[in-house]
Amino acid sequence: MNENALLMTAVKAADDKRAEDITVLNMKGISLISDYFVICHANSDKQVQAIAREMKEKSEEHGYIIKRMEGFDEAKWILVDMGDIVAHIFHRDERAYYNLERLWGDAPVENVQSMLNQ
């Protein structure tokens with residue numbers, strides 16, 4: 001699976017589970033960690049876990065192995081490491097506190113709506 005297909009899979013999985021305010025930051029040339037950050041949030045622990053689980057399952061259905069998933073049991077901030085793409089799935093309050101969009105404010109924001117319409 002190429003990077004763009006994996007990114008679209010992650011975004012669509014989050015949307016399918018009703019993630020809120022899905023944001024994709026293009027981290028190319030900014031971070032050595034990954035090429036893209038997918039950031040979203042939900043209003044309950046169960047929904048945060050459901051979004052992470054859906055991302056993992058949909059990625060694996062397309063033949064991609066998730067490298068690591070952290071924070072699943074606590075469900076306040078789940079990190080799903082897909083290699084070139086890292087998803088940050090927050091509980092609403094945690095997202096406001098950590099504010100990754102501000103921290104990585106120099107990263108270009110990708111158009112999520114165009115990904116969801118494909």
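Helices here are DSSP runs of H or I with at least four residues, strands are E runs of at least two, and both are numbered from the N terminus. A helix's expected span is 1.5 Å times one less than its number of residues.

Ground rules next. This is a predicted model, with local features needing pLDDT of at least 70, side-chain atom pairs counting only at pLDDT 80 or more, and totals for chains, interfaces and linings using all residues. Numbering runs from 1 along each chain as its sequence is written, and side-chain values use heavy atoms, with hydrogens and water left out.

Start with H1, residues 3–16. It has 14 residues and reaches 20 Å from first C-alpha to last, close to the 20 Å expected. Look at its N-terminal end. Asn2 caps it, with a side-chain oxygen 3.0 Å from the backbone nitrogen of Asn4. After the helix comes Arg18, with a positive phi near 65 degrees.

Which residues of H1 are buried? Buried means under 20% relative accessible area, exposed means over 50%, and partly exposed is in between, using a 1.4 Å probe and protein chains only. The buried ones are Glu3, Leu6, Leu7, Thr9, Ala10, Val11, Ala13 and Ala14. They pack against S1, S2, H2, S5 and H5.

Take H2, residues 45–61, from that list. The axes of H1 and H2 come within 8 Å and cross at roughly 140 degrees. Those axes are lines fitted to C-alpha atoms over the stretch in contact, with angles from 0 to 180 degrees between N-to-C directions. Contact means heavy atoms within 4.5 Å. On the H1 side we have Leu6, Thr9, Ala10, Ala13, Ala14 and Asp16, meeting Ile51, Glu54, Met55, Lys58 and Ser59 of H2.

Now S1. Why call it largely enclosed by the rest of the structure? Because 5 of its 7 residues are buried. Strands pair if DSSP finds at least two bridges between them. S1 and S2 pair antiparallel over 5 bridges, and Thr23 has Ile39 of S2 as its bridge partner. S1 also runs antiparallel to S6, joined by 2 bridges. There, Val24 partners Glu110.

Last stop, Phe72. This residue is in the loop between S3 and S4. Phe72 has 24% relative accessibility, so it counts as partly exposed. Beyond its neighbours within four places in sequence, Phe72 contacts Gln49, Ala52, Arg53 and Ile78. Its C-alpha is 10.0 Å from that of Lys46, 26 residues apart along the chain.

Conventions
A polar contact is a pair of N or O atoms within 3.5 Å; within protein, one must be able to donate a hydrogen and the other to accept it, and residues adjacent in sequence count only if both atoms are side-chain atoms.
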